[in-house]
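Please keep the sequence and the structure in view while reading.

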Amino acid sequence: FQTKRKENNAIKDALDEEFQFIIVHRMDRWARNVDDGRYYKKYFARHGIKMVSAIEEFDETPEGEFFELMSMGMAELYSKKLARECLAGMLANARECKAHGGTPLLGYKVKGKKYVIEEKEAEIVKIIFDMTLKGYGYKEIRNYLNLNGYTRADGRHFTTHFYDILRNRKY
């Protein structure tokens, strides 16, 4: 089974094994948006497979379908609002230079739960941007940095992976 959507092993297994039912905790846990949830439910129905929610009861009347759709729509709305709130929180933290965890970007270190500029590494970042603006390619930048004794934060030589640095809006 293949569609334009990313293949899901549960979908493939259900069709290969000719299951009669797929039981999900809640319908909104099966898919994160209404379109995908409805698409797969209809697809399974065409193959004789019924999707059943373990904790919700939606009958097969027009009203039951409406309430199922509303439930999935509310879950999609919740998910989108939560994503928006998380992004707002992350942006607010970024404006205050608060560290989110993980490895700091090249040119930064964490001090007292805030990002501060690490001068030696920041010099490398400036060189990368400057050389890119002057038209140098990744291999030329790598060679310049390595030949002049610059190393990555972990002490290793540079490779040609500058794309993420150059496209990262945090810089």
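Cys97 is partly exposed, with a relative accessible area of 37%, where buried means under 20% relative accessible area, exposed over 50% and partly exposed in between (1.4 Å probe, protein chains only). The model is a predicted one, in which local features need pLDDT of at least 70 and side-chain atom pairs count only at pLDDT 80 or more, while totals for chains, interfaces and linings use all residues. Residues are numbered from 1 along each chain as its sequence is written, and side-chain values use heavy atoms, with hydrogens and water left out.

Cys86 is likewise partly exposed, at 43%, and a search of the whole structure finds zero disulfides, a disulfide being a pair of cysteine sulfur atoms within 2.5 Å.

| Residue | Relative accessible area | Class |
|---|---|---|
| Cys86 | 43% | partly exposed |
| Cys97 | 37% | partly exposed |
| Glu68 | 3% | buried |

Glu68 belongs to helix α4; helices (H or I, at least four residues) and strands (E, at least two) are DSSP runs, numbered from the N terminus. Apart from its neighbours within four places in sequence, Glu68 is in contact (heavy atoms within 4.5 Å) with Met27, Arg38, Lys41 and Phe58.

Helix α4, residues 62-95, also gives the most to the lining of the largest cavity, with four residues. On a 1 Å grid over the protein atoms alone, a cavity is a set of points where a 1.4 Å probe fits but cannot get out, and lining residues have an atom within 4 Å of a point. By this rule there is one cavity of 30 Å³ or more, and the largest holds about 50 Å³ of space, a volume being the space filled by probe spheres set on the points. Its lining consists of Asp28, Ala31, Arg32, Asn33, Val34, Met72, Ala75, Glu76 and Ser79, which by class makes four nonpolar, two polar and three charged residues.

In helix α6 (residues 138-147), the buried residues are Ile141, Leu145 and Asn146. Seen down the axis of α6, these buried residues fall within an arc of 125°, so they line one face of the helix; the arc is that of the directions from the helix axis to the C-beta atoms. The face turned away from this buried side carries the exposed residues Lys139 and Leu147, whereas the cover over the buried residues of α6 includes α5 (119-133). After α6 comes Gly149, whose phi is positive, near 85°.

How values were computed:
On a 1 Å grid over the protein atoms alone, a cavity is a set of points where a 1.4 Å probe fits but cannot get out, and a pocket is an open set with protein on both sides within 12 Å along at least five of seven lines; lining residues have an atom within 4 Å of a point. Ala, Val, Leu, Ile, Met, Phe, Trp, Tyr, Cys and Pro count as nonpolar, Asp, Glu, Lys and Arg as charged, and the others, Gly among them, as polar.
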